[in-house]
Amino acid sequence: MRSPCRALLILLALLTPLQAWAMDMRIEGQSVILSGAVDGSECTALGAILSDAAIRTVVLTNSGGGNARAGYCVGDLIRERGLSTVIRGRCASSCSRMWLGGIERTLEGPNSRVGLHGNYASSGGLLADAPHRLRSWIPQRAPHVDRALMEQWTSLPTNNWMMYFYNDRAELCEGRACTPLAGRNARNAGLATQ
């Protein structure tokens, strides 16, 4: 068993060089709060935290996403550990994969939202194999997902498009221009569990 001081030093060593560009990760009680851009180092860093702390919930906040592989990896790690996920604010793109890993998935408050779309090349265009991968991965984490909506968001043509889900509404956005999705929300789309 590691001593608390040694565990803290290991954690600081893992996180300190990454904070300039990776998601910020901090522990609050039995939760770990992740915020910011996803750069690809998150799975290793979160794995180290989960090895040394009694975490029950991963809170995702203010992330527009980033590295797709890291999103899948963190989502899988969260699911393997049986953790719940909560969104405070915005969690989009690869961050949404992290949130979908939660056994229980919630959005905190009226303005928190999860943004879903496909996986894109650096040019902004949809990667050819992205829709197939997402369509097989998402239902494994969210078995009640609305398949018709999933077909839409996994095939959005560029990374400028996003489908956002809130507790009480949903919308399809191209940039800042958004159109409501009548009668839809995170629960009835099969995404949030509460």
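This short talk goes through salt bridges in one protein model.

A word on the model before we start. It is predicted, so local features need pLDDT of at least 70, side-chain atom pairs count only at pLDDT 80 or more, and totals for chains, interfaces and linings use all residues. Residues are numbered from 1 along each chain as its sequence is written, and side-chain values use heavy atoms, with hydrogens and water left out.

Now, the idea. Side chains of opposite charge can pair when their charged atoms come close. We call it a salt bridge when a side-chain nitrogen of Lys or Arg is within 4 Å of a carboxyl oxygen of Asp or Glu.

How many salt bridges does a search of the whole structure find? Six. I'll show you some.

Start with Arg-88 and Glu-108. Their closest N and O atoms are 3.0 Å apart. Arg-88 sits in strand 4 (residues 84-92), Glu-108 in the loop between strand 5 (105-107) and strand 6 (113-116), so this pair ties together parts 20 residues apart in sequence. Strands here are DSSP runs of E, at least two residues; helices are runs of H or I, at least four; both are numbered from the N terminus.

Next, Asp-146 and Arg-184. Here the closest N and O atoms are 2.8 Å apart. Asp-146 is in the loop between helix 5 (130-141) and helix 6 (147-154). Arg-184 is in the segment after strand 9 (177-180), 38 residues apart from Asp-146.

Last, Asp-168 pairs with Arg-169, at 2.7 Å between the closest N and O atoms. Are these two buried or exposed? Buried means under 20% relative accessible area, exposed over 50%, partly exposed in between, with a 1.4 Å probe and protein chains only. Asp-168, at 52%, counts as exposed. Arg-169, at 30%, is partly exposed.
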